[in-house]
Amino acid sequence: MIFKGWGQNLERNSALKGKFITFEGSEGCGKSTQSRKLCQYLKNNGYSVVYLREPGTTVISEKIREILLDPKNLIAPSCEMLLYMASRSQVVNEVIKPALSKGKIVICDRFFDSTVAYQGFGLGMDVDFIKILGKFVCDGIKPDLTLLLDLSVKKGLGYRKDSQDRIEKRPYAYHVRVRKGYLNLATLEPERIKIVKVAEDKAVTQEKIRKIVIDFIKPGKCISVVSRQLIADS
Ligand code: TMP
């Protein structure tokens with residue numbers, strides 16, 4: 001399979017027959033809740049799913065996460081970007097590749113698009129350079145489907161007033177750039193990145209997500225689940 005976008009053509013190892021689904025979005029969009037619900041739904045329906053978050057999941061990546069999100073740390077932009085990439089490199093090699101090679105559905109709460117949106121568009125770092133580095137770090141792994149949960153910055157930040165981490169604490173204008181960056185990515189790759197408008201009712205948002213995912217993994221589209229049928233959520 002040839003992957004286009006991120007400025008490169010990447011050939012994914014054909015042995016990696018699973019499906020890779022990522023969730024993206026700016027602060028407070030609810031992607032962690034929604035991605036966990038989707039994961040549970042797919043498991044309930046007999047799918048073999050691996051769930052992870054970025055930065056984090058592996059021991060090393062969780063340690064990097066602590067450094068990145070601690071508001072006490074003053075981190076240079078280039079160091080910040082490289083730490084996100086370092087964390088990702090570990091997750092790709094330790095978790096994502098092995099799971100995809102076993103034909104699993106991998107659901108990841110954030111991935112490479114976050115770096116383009118937060119460090120590229122948000123901090124103004126060179127997006128082309130980030131993409132080149134991403135090619136090296138992701139080693140041919142690219143999401144098959146990305147659900148971009150879109151919510152206004154005002155509403156998103158409103159949900160997170162109490163416990164703000166180092167990134168959440170950034171000015172409003174930064175978060176507006178991040179959101180615009182995401183929407184820009186979605187226009188560049190409409191086949192992969194599906195925008196899901198966040199509804200007031202979480203169940204409504206989940207329903208929208210399930211429709212997209214069910215269509216995506218239906219027989220014939222996903223090698224790892226060809227023989228399975230989705231049954232109604234009970
Ligand atoms: P989370 O709160 O969604 O778990 O993500 C942690 C924070 O890290 C969030 O503010 C977004 C930020 N982030 C980046 O700035 N760049 C990245 O590459 C990733 C994965 C996350």
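## Strand β6 and its partner β7

Leu148 stands opposite Ile195 in β7, and Thr146 stands opposite Ile193 of that strand. These pairs belong to the contact between β6 (residues 145-150) and β7, which pair in the parallel sense over five bridges; two strands are taken to pair if DSSP finds at least two bridges between them. Helices (H or I, at least four residues) and strands (E, at least two) are DSSP runs, numbered from the N terminus. β6 is mostly covered, with five of its six residues buried, where a residue is buried if 20 or more other C-beta atoms lie within 10 Å of its own, exposed if 12 or fewer, and partly exposed in between, the C-beta atoms being placed from the backbone.

The model is a predicted one, in which local features need pLDDT of at least 70 and side-chain atom pairs count only at pLDDT 80 or more, whereas totals for chains, interfaces and linings use all residues. Residues are numbered from 1 along each chain as its sequence is written.

## The sheet as a whole

Five strands form an open sheet in the order β4-β5-β3-β6-β7, with parallel pairing. The edge strands, each pairing on one side only, are β4 (49-53) and β7 (193-197), and the twist averages 20 degrees from one strand to the next. Helix α7 (residues 172-188) packs on the sheet, touching β3 (19-25), β6 and β7, and its direction makes about 130 degrees with that of β7. Such angles run from 0 to 180 degrees between N-to-C directions, the axes being lines fitted to C-alpha atoms, for helices over the stretch in contact.

Strand β3 pairs in the parallel sense with β6 over five bridges, and five bridges also join β3 to the parallel strand β5 (residues 105-109). Thr22 has Cys108 as its bridge partner in β5 and stands opposite Thr146 in β6, while Ile21 stands opposite Leu145 in β6.

Leaving aside neighbours within four places in sequence, Ile96 is in contact (C-beta atoms, placed from the backbone, within 7 Å) with Phe20, Val91, Val106 and Ile141.

The protein chain has eight helices and seven strands, and buried residues make up 39% of its 234 residues.

## Surroundings of the ligand

The ligand is surrounded by Glu27, Arg53, Glu54, Pro55, Tyr84, Arg110, Ser114, Thr115, Tyr118, Gln119, Ile167 and Glu168, a residue being near a molecule if its C-beta atom, placed from the backbone, lies within 6 Å of it. This shell divides into four nonpolar, three polar and five charged residues; Ala, Val, Leu, Ile, Met, Phe, Trp, Tyr, Cys and Pro count as nonpolar, Asp, Glu, Lys and Arg as charged, and the others, Gly among them, as polar. Helix α4 (residues 112-122) gives the most to the shell, with four residues.

Gly124 is found in the loop between α4 and α5 (127-138), and counts as exposed because it has 11 C-beta neighbours inside 10 Å.

Terms used
Contact = placed C-beta atoms within 7 Å.
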